[in-house]
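I am opening my notebook on this entry. I will look things up one at a time and write down what I find.

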Amino acid sequence: MQMTLQEYASRFPDRNRPVPREFAGQWLAWNQDCSEILSHGADLTTVREQAIALGCARPVLQKVPQAPFVGRA
Amino acid sequence: MRFDYTTILSLAPDTGEPIVIFRPEIRITVHGPQRSADFIALVDTGADNIIMPESIARDLNIPLIAGKGPPATAFGGQKMPLSYADIQLEVIHPSEMLQWTARVYFIADGGNGDTLVLGHQGFLDFFTATFNGEDCTLNLEPNGYLPRIADAG
């Protein structure tokens, strides 16, 4: 499924905003409800520790793919 | 257990215009010997196994065993040597908490596709999965094969 940001905001107004493009290829650390990106970067451990230092004891970690994702090529 | 697809912003490969891409991803906990961490992982019916980047094993101090078999073949033919470990995984959902031990394969970091992938062995084999393209949701119901070691639901 793909759609414009306007269509997304209209169809799914209660869902979190999509991950911005500039984070492609990076690790992200989200807060517990995944509504806010706390830290980001190339190194998982650094990103996790930065999020903890910001007060989130247990961040949710995500590796953002280089979209469009077509497998492990 | 119903999960909303996650979304990322990208550019359409045909028009180059900004688009929202939906992905059937869920939150899981990966347990290491001393501590655990929560991750967002892609549920992938095209993957035979659970695959994670080696940086997760390093971060959680998970000892890895070098695979003796052939390397995995990715979409496009790329060969990837694998190591593995048997580790505890947990699905995070408000209605239910499921935990089991699965063999997880790890690939070296780098490249385009080093996200967490939940394939058939160790994950999809244990669930009835319904991908709802209209609502952009994934429904997972555990089946009798799930070797659960905890259920807080």
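How many bridges join strand 13 of chain B to strand 14 of chain B, and do they run parallel or antiparallel? I looked up the pair and found 6 bridges, with the two strands running antiparallel. Strand 14 covers residues 137-142. I also note that this is a predicted model.

**Entry 1**

I picked one residue pair to follow. B:Ala129 stands opposite B:Leu140, which lies in strand 14 of chain B. Next I looked up the sheet these strands belong to. It is an open sheet of 3 strands in chain B, in the order 1-14-13, and the pairing is antiparallel. I then asked which strands stand at the edges. They are strand 1 (2-4) and strand 13 (127-132) of chain B. Each has a single partner strand, so one side of each is left without a neighbour in the sheet. I noted the twist as well: from one strand to the next, it averages 20°.

**Entry 2: two cysteines with positive phi**

I kept a general point in mind here. Most residues other than glycine have a negative phi. I then checked the loop between strand 13 and strand 14 of chain B, where B:Cys136 has its place. Its phi is positive, near 55°, and B:Cys136 is not a glycine. Is B:Cys136 buried or exposed? Its relative accessibility is 0%, so I wrote down buried.

Chain A gave me another case. A:Cys34 has a positive phi of about 55°, although it is not a glycine. I found A:Cys34 in the loop between strand 2 (27-30) and strand 3 (37-41) of chain A. A:Cys34 counts as buried because its relative accessibility is 12%, and the cut-off for buried is under 20%.

**Entry 3: where the chains meet**

How many residues does the contact take from each chain? I read 46 from chain B and 39 from chain A. Between them, the two chains bury about 3700 Å². Of that area, 55% is on carbon and sulfur atoms.

I then looked up the polar side. There are 3 salt bridges between chain B and chain A. I checked the one between A:Arg58 and B:Asp38, where the closest N and O atoms are 3.0 Å apart. Across the interface I also found 15 residue pairs in polar contact. Several elements of chain B give two or more residues to the side that touches chain A, including strand 1, strand 5 (36-43) and helix 1 (54-59).

B:Asp59 is buried, at 6% relative accessibility. Which residues does B:Asp59 touch, not counting those up to four places away in sequence? I listed A:Leu44, A:Thr45, A:Arg48 and B:Arg35.

**Entry 4: a strand covered on both faces**

My last stop was strand 6 of chain B. Both of its faces are covered. B:Ile50 and B:Met52 are buried on one side, and B:Ile51 and B:Pro53 are buried on the other.

I looked up the partners of this strand next. Strand 6 runs parallel to strand 11 (residues 96-107) of chain B, and 4 bridges join them. There the bridge partner of B:Met52 is B:Phe106. Strand 6 also pairs with strand 12 (residues 117-118) of chain B, this time in the antiparallel sense over 2 bridges. B:Ile50 stands opposite B:Leu118 in strand 12.

Note on methods
Residues are numbered from 1 along each chain as its sequence is written. Chains are lettered from A and ligands numbered from 1 in the order in which they are written. This is a predicted model: local features need pLDDT of at least 70, side-chain atom pairs count only at pLDDT 80 or more; totals for chains, interfaces and linings use all residues. Side-chain values use heavy atoms; hydrogens and water are left out. Two strands pair if DSSP finds at least two bridges between them. Axes are lines fitted to C-alpha atoms, for helices over the stretch in contact, and angles run from 0 to 180 degrees between N-to-C directions. Buried means under 20% relative accessible area, exposed over 50%, partly exposed in between (1.4 Å probe, protein chains only). Contact means heavy atoms within 4.5 Å. Buried area is the accessible area (1.4 Å probe) that two parts lose on being put together, summed over both. A salt bridge is a side-chain nitrogen of Lys or Arg within 4 Å of a carboxyl oxygen of Asp or Glu. A polar contact is a pair of N or O atoms within 3.5 Å; within protein, one must be able to donate a hydrogen and the other to accept it, and residues adjacent in sequence count only if both atoms are side-chain atoms.
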